[in-house]
Amino acid sequence: MTKIDLRPALAKMLPYAPGEQPPPGKFIKLNTNENPYPPAPAVVSALQEAATGPLNRYPDPMANAFRRAAADALGLPGPEWVLAGNGSDDILTILVRGFVGEQEKLRLPYPSYILYRTLADIQAANWEQIHFLDGWHLPTHFTNADDDLRLVFLPNPNSPSGTVVAPEQISEIASALPCPLVVDEAYADFADSNCLDLVQKHDNLLVTRTFSKAYGLAGIRFGFLVAQPALINRLASIKDSYNCDYLSIVAATAAISQQDWLTEVVAKLKQTRQRMEQRLTEMDFHVTPSQANFVWAQHPQGQHQELYDFLKKNQILVRYMDFPDWGDGIRISVGTDQQIDACMMMIERFFQ
Ligand code: PMP
């Protein structure tokens with residue numbers, strides 16, 4: 001065996017969830033919050049055309065076509081408020097790289113998105129988890145101005161709960177914090193509110209978005225950041241040179257201009273979510289009211305791991321999540337009506 005290995009601090013790291021992304025076709029896939037529907041037709045034709053484009057050349061390092069389209073579609077003051085990334089995970093990586101040095105600290109609510117901790121670990125930085133209160137509210141010490149605090153993450157809607165902290169409260173949190181507050185809006189397209197407008201009011205409030213969920217483009221890897229132009233400029237200096245490829249830029253540029261399509265697909269998914277919430281409640285689950293494209297459900301009998309295994313054996317893939325010091329449950333992505341009916345029927349069978 002070779003003695004060559006990563007730094008000792010990285011000894012316990014594992015590759016990302018192997019097995020959770022099986023080859024297409026075998027499972028009803030309700031585990032990673034993708035859109036069950038294909039992307040807008042205009043995106044598919046833009047990609048077909050792009051296949052004969054300048055693939056021998058490097059792409060635009062700043063994805064300016066996308067920045068212009070995004071500013072237009074979202075009503076931002078201009079393209080200089082946007083930074084494009086290879087999925088929003090790439091943006092989150094850039095933010096941690098840029099703001100949090102060795103032994104410095106980032107803060108996140110708990111339970112929430114696990115990647116924030118991983119990014120801190122890679123950076124030899126520290127992380128601090130602040131437990132949500134009952135009802136998924138944030139405690140007042142979420143805004144404590146500790147000396148070593150450099151960055152705060154707030155996924156909104158949160159995962160796994162699908163709950164939302166109101167923009168008014170987020171504005172107060174940004175004012176109270178001495179460092180950047182990153183509102184991770186991966187699921188905001190499904191929510192009743194968002195924080196885009198607040199970016200113009202607070203120079204320490206940054207919003208991240210993704211094409212992997214509502215836009216139905218998890219396969220192309222594209223996400224972006226909205227923040228004040230001075231900050232976008234500084235962050236652009238520490239990203240990978242060509243972090244977004246030509247085909248993804250074309251697809252995302254076409255997709256962001258399809259807001260009517262987006263409204264329609266989101267409405268359809270929300271309807272299915274409502275049916276899911278109702279069926280799960282009828283089966284005695286405690287269901288957290290969701291503003292995202294997934295539902296967090298806990299059954300009084302527990303047995304969540306067994307339920308996950310049973311569903312997997314029956315070709316239905318959901319997410320079992322166990323949060324130490326907090327509890328476990330099942331997170332189910334909103335699929336098509338047909339997929340959700342099949343999943344609900346199988347859950348019913350499990351409890352019979
Ligand atoms: N933030 C949250 C809260 C997420 O759940 C995800 C998806 N796993 C992401 C960011 C990353 O999304 P992507 O990299 O696909 O844009």
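Student: Which residues is K213 in contact with, leaving aside its neighbours within four places in sequence?
Tutor: K213 is in contact with N33, N35, A186, Y187, D189 and N293. Two residues are in contact if their C-beta atoms, placed from the backbone, lie within 7 Å. Please note that this is a predicted model: local features need pLDDT of at least 70, side-chain atom pairs count only at pLDDT 80 or more, and totals for chains, interfaces and linings use all residues. Residues are numbered from 1 along each chain as its sequence is written.

Student: Is K213 buried or exposed?
Tutor: K213 counts as buried because it has 25 C-beta neighbours inside 10 Å. A residue is buried if 20 or more other C-beta atoms lie within 10 Å of its own, exposed if 12 or fewer, and partly exposed in between.

Student: Where is K213 placed, then?
Tutor: K213 is in the loop between β7 (205-210) and β8 (223-226). Strands (E, at least two residues) and helices (H or I, at least four) are DSSP runs, numbered from the N terminus.

Student: What feature does UniProt place at K213?
Tutor: The unreviewed UniProt entry places "modified residue: N6-(pyridoxal phosphate)lysine" there. UniProt positions are in the numbering used here, feature names are shortened, and annotations may be inferred rather than shown by experiment.

Student: New topic: how many helices and strands does the protein have?
Tutor: The protein has 10 helices and 13 strands. Its radius of gyration is 20 Å, close to the 20 Å that the globule rule gives for 352 residues, so the protein is as compact as a globular protein of that length. The radius is taken over C-alpha atoms, and the rule is 2.2 Å times the number of residues to the power 0.38.

Student: Which residues have the most contacts inside the largest nonpolar core?
Tutor: They are L106, L181, A251, A255 and I332, in a core of 90 residues. Helix α7 (residues 246-256) gives the most to this core, with seven residues. A nonpolar core is a set of buried Ala, Val, Leu, Ile, Met, Phe, Trp, Tyr and Cys residues joined through C-beta atoms within 7 Å.

Student: And what does A251 touch, leaving aside its neighbours within four places in sequence?
Tutor: A251 is in contact with V43, A46, L47, L217, I220 and F222.

Student: Last one: in what sense do β12 and β13 pair?
Tutor: Strand β12 (residues 319-323) and strand β13 (residues 327-333) pair in the antiparallel sense over five bridges. Strands pair if DSSP finds at least two bridges between them. F323 stands opposite G327 in β13.
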